[in-house]
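Please look through the sequence and the structure shown here before reading on. The report that follows takes a few places in turn and describes what can be found at each.

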Amino acid sequence: MPKDGGIGASSKRREDVRFLTGQGNYTDDINQQGQTYAVFARSNVANGVIKSVDTSAAEAMPGVLAVFTGEDFVEVGGNPAGWYIESRDGTPMKEPKRPVLAHGKARHVGDAYAAVIAETLEQARDAAEAIDADIEELQAVATAEAALAEGATLVHDEIETNMVFDWGWIEDNRAATDEAIKNAPHVTTLELVNNRLVPNAMEPRASIGDYKPGTGDYTLHTTSQNPHLTRLLISAFVMGIPENKLTVIAPDVGGGFGSKIYHYGEEALVLAAAKKLGRPVKWTADRSESFLTDAHGRDHVTKIELATEEDGTFIAIRTETLANVGAYLSNFATVTPTFLHGTLMAGNYTVPHVYVNLKAVLTNTAPVDAYRGAGRPEATYSIERVIDKCARELNMDPIALRRKNFIKPDQFPYTTPVALEYDIGDYDAVMDKLEEIGDLAGFAKRRADSEARGKLRGLGVNSYIEACGIAPSNLVGVLGARVGLYDAATVRVNATGSLAVMVGAHSHGQGHETAFPQVVADMLGIDEGQIEIVHGDTSKIPFGMGTYGSRSLAVCGSAVVKATEKIINKAKKIAAHMLEASDADIELKDGQFTVAGTDKSVAWGEVALKAYVPHQFPIEDIEPGLEETAFYDPANFTYPSGAYACEVEVDPETGKVTIERFAAADDFGNVINPMIVEGQVHGGLGQGIGQALLENCTYDSDGQLLSASYMDYAMPRADDVPFYSVDHSSQTPCTHNPLGVKGCGEAGAIGSPPSVVNAVVDALQSGGHDVSHIDMPVSPSRVWAAMNK
């Protein structure tokens with residue numbers, strides 16, 4: 001049973017007190033003395049030559065302090081991709097420069113080519129509208145297919161192609177996979193789309209730049225999931241600011257979902273403007289800017305083939321994917337569709353041959369990067385849709401087909417054909433739990449009840465696996481990562497026994513301020529209220545790699561454990577000195593240091609005080625103070641897995657889809673806080689259902705964003721989702737991190753889209769409609785059209 005506190009307890013999130021009472025401190029809440037305001041002038045064409053930018057009228061307007069154009073940043077470095085991916089024939093990756101402000105050419109609607117700095121926000125807006133830009137519109141390419149067509153307009157003329165790379169994984173598997181599919185008794189083929197999504201965090205991006213001429217110090221407050229990476233990119237690549245002269249602070253951040261991992265040009269602009277003016281410069285995006293300029297997600301077009309024996313035994317999987325990466329390479333744009341996608345194409349299954357080909361393509365659209373799940377939803381959707389289609393072609397039960405091909409517990413550790421080593425799992429047990437909590441045995445009766453009311457009812461299942469933690473550094477370095485992927489923590493014990501734990505991971509909804517103290521409190525046997533979590537300020541925290549990829553507890557939490565273990569080891573030496581015993585005989589339990597086998601003990605607070613009042617310490621053995629830092633570089637990814645079931649009703653008159661039931665059974669390894677885990681799953685399910693039924697980021701052939709507001713982009717609402725049945729009791733603890741955790745933040749968004757689409761197809765086929773696939777979003781119009789040919 002969960003304890004009142006510590007690991008395994010559903011402790012309420014301590015950070016929610018300030019959020020629910022309006023005391024959160026977001027970037028836009030921060031106002032500094034002498035602050036000015038930035039507003040950007042953005043291109044209204046998707047592809048155009050910037051012939052001139054006349055700023056004279058804007059500069060003459062009241063309150064205007066400065067106007068910057070792209071010409072002011074010609075000599076500034078570009079924002080690089082974080083991963084170098086080579087084509088399968090050895091051709092180097094094409095990496096066009098991404099400028100702070102566009103000059104020479106605008107490459108997507110919303111591309112900023114000028115910025116106005118004024119005394120008030122209203123004055124800056126008025127002046128930005130007064131900028132006269134002569135942009136000669138060119139033909140745009142908005143889809144990957146269009147960008148690769150013969151004679152297509154080039155997004156970046158200097159690289160002479162729209163193809164970033166043509167990647168194969170694993171290239172040595174190609175011939176064997178081709179041969180296996182050619183000779184297979186049965187091959188199922190499916191062409192599908194992973195629709196483009198807009199992240200839509202509650203808080204738009206915002207930045208405040210400040211510069212102190214007396215010291216040469218810069219400070220950037222910004223909405224970031226990864227403040228140290230932002231500092232590194234600005235320092236080393238974009239502006240050349242000495243890293244020790246730049247502090248990046250990410251205060252409370254209202255959601256990110258991946259879109260706030262990366263560095264954006266607006267962050268560099270406010271710093272440059274602050275230096276020129278000697279005053280702070282603030283910029284906050286409006287929602288239209290967010291739609292136009294935040295990094296979008298997904299946008300894959302895939303052909304997948306599944307080869308099987310007649311009895312359904314998997315033989316081979318082959319995929320060909322076009323990935324639209326937008327007009328510029330965002331920081332993780334190259335790894336998301338490759339190593340975060342291609343390496344998961346074996347799924348949970350013993351499939352001997354797998355080959356993945358992916359072409360990354362530049363288009364005149366907003367950049368595309370990691371969005372909740374980042375490559376794993378794209379992989380899972382392709383695999384789980386083609387398995388469902390295969391089951392129907394072979395006249396097999398979809399769950400039975402999956403069970404037949406699951407990797408079994410006695411096969412772990414299991415090396416897949418796409419070069420991952422799964423350390424542990426029990427996929428049959430998770431499927432068992434799904435059948436229980438989803439009451440799949442009762443589906444036939446529920447279907448009959450729906451039919452009696454004139455509705456079509458369908459059941460869709462899915463089994464997923466994901467790779468979390470993005471590690472280890474030595475492996476990802478070989479695969480092209482330009483950064484390490486460790487994390488770090490510093491544990492500082494105060495003289496009164498309270499602690500500050502400084503972590504490299506950033507919290508923007510994950511509950512770090514609750515979960516990390518649970519870990520430390522459990523190890524020390526003290527109250528969680530004595531522990532403060534410090535994050536988001538590069539001047540205070542050790543160099544860490546931020547929060548994304550469900551890595552916080554598995555990677556940063558492991559660093560916290562290692563640092564706390566160092567604290568305990570030193571504290572035992574101090575306690576041993578106080579108790580006149582050997583430190584090897586000291587035990588720590590419930591906040592008391594005790595000499596083993598005796599009743600001699602000293603409390604945690606007394607030891608902490610002694611560390612800072614070290615009278616009569618044996619100086620050669622113990623230094624004063626009690627503070628330790630640890631870095632943790634994982635040995636492997638972690639591999640959460642799960643099985644989901646969705647039941648839908650389809651109205652045959654209108655095509656409207658209603659989700660009636662949804663069950664999610666997950667294996668997250670050990671669970672620190674069940675309540676937080678359940679909340680993470682609920683959030684992911686909402687986003688996955690949104691992708692499956694509602695959300696669709698659409699450009700026309702001229703590159704104009706047609707879904708640029710909530711009037712045109714359908715976000716899921718409360719009545720679009722059901723009450724969920726969620727379970728995470730089927731635990732196989734991770735074998736290679738000290739907490740045994742696997743990560744949970746993205747699971748719901750990975751497993752839900754194929755479950756929903758599988759359910760809709762099942763409903764239509766049960767009603768006698770010859771429909772094998774409908775692309776997401778499965779809107780009423782698409783369903784009605786499929787039913788009526």
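## A buried glutamate

Glu266 has a relative accessible area of 7% and therefore counts as buried, since the limit for that word is under 20%. The model in which this value was computed is a predicted one. Glu266 belongs to helix α7, which covers residues 265-277. Leaving aside residues up to four places away in sequence, Glu266 touches Phe40, Arg42, Arg205, Trp283 and Thr293.

## Domains and cores

The domain assignment divides the protein chain into domain 1 (18-138 + 202-255 + 260-293), domain 2 (300-471 + 636-787) and domain 3 (486-632). The centres of domain 1 and domain 3, taken over C-alpha atoms, are separated by 39 Å, and 19 residues of domain 1 are in contact with 15 residues of domain 3.

In soluble globular proteins, nonpolar side chains tend to be buried together. In this model the largest nonpolar core has 124 residues, and those with the most contacts inside it are Trp83, Tyr422, Val648 and Val783. Helix α18, residues 747-766, gives the most to this core, with nine residues. Because domain 1 and domain 2 both give residues to this core, it lies between them. Another core lies apart from it and has 47 residues, among them Ala515, Ala559, Val561 and Ala571.

## Strand β14 and its partners

Strand β14, residues 314-326, is mostly covered, as twelve of its 13 residues are buried. Strand β13, residues 300-308, runs antiparallel to β14 and is joined to it by nine bridges, and within this pairing Thr302 has Thr321 of β14 as its bridge partner. The two strands β13 and β14 form a hairpin with five residues between them, and Gly312 in the turn has a positive phi of about 95 degrees.

Strand β14 also pairs with strand β15, residues 353-362, and here the pairing is parallel and extends over ten bridges. In this second pairing, the bridge partner of Asn324 is Val361 in β15.

## An open sheet of four strands

Which strands form the open sheet, and in what order? The order is β21-β20-β19-β25, and the pairing is mixed. The edge strands, each pairing on one side only, are β21 (531-534) and β25 (627-632). On average, and with direction ignored, neighbouring strands of this sheet are turned by 15 degrees against each other.

Strand β19 (residues 487-493) and strand β20 (residues 499-503) run antiparallel and are joined by five bridges, with Arg492 standing opposite Ala500 in β20. Strands β20 and β21, on the other hand, pair in the parallel sense over four bridges, and there Leu499 stands opposite Ile531 in β21. Helix α14, residues 512-524, lies across β20 and β21 and runs at about 135 degrees to β21; together, β20, α14 and β21 make a right-handed β-α-β unit.

## A buried isoleucine

Not counting residues up to four places away in sequence, Ile574 touches Val607, Lys610, Ala611, Phe617 and Ile622. Ile574 and Asp252, by contrast, are 322 residues apart in sequence and 38 Å apart in space, from C-alpha to C-alpha.

## Backbone details in loops

Two cis peptide bonds can be described here, beginning with the bond that joins Trp169 and Ile170, where omega is about -15 degrees. Ile170 is placed in the loop between β7 (163-169) and α5 (174-183). The peptide bond from Phe412 to Pro413 is cis as well, with omega near -5 degrees, and Pro413 lies in the loop between α10 (398-405) and β16 (414-415).

Glu160 has a phi near 60 degrees, a positive value in a residue other than glycine, and it lies in the loop between α4 (144-148) and β7. Asn200 likewise has a positive phi, near 55 degrees, and is found in the loop between β8 (186-194) and β9 (206-212). Glu160 is exposed, with a relative accessible area of 68%, whereas Asn200, with a relative accessible area of 8%, is buried.

Conventions
Residues numbered from 1 in each chain as written. Predicted model: local features only at pLDDT ≥ 70, side-chain atom pairs only at ≥ 80, totals over all residues. Heavy atoms only, no water. Buried < 20%, exposed > 50% of the residue type's maximum accessible area, 1.4 Å probe, protein only. Pairing = 2+ DSSP bridges. Contact = heavy atoms within 4.5 Å. Core = buried A, V, L, I, M, F, W, Y, C linked by side-chain atoms within 4.5 Å. Domains from an automatic or database assignment. Axes fitted to C-alpha atoms, helices over the stretch in contact; angles between N-to-C directions. Right-handed = clockwise from strand over helix to strand, strands pointing away.
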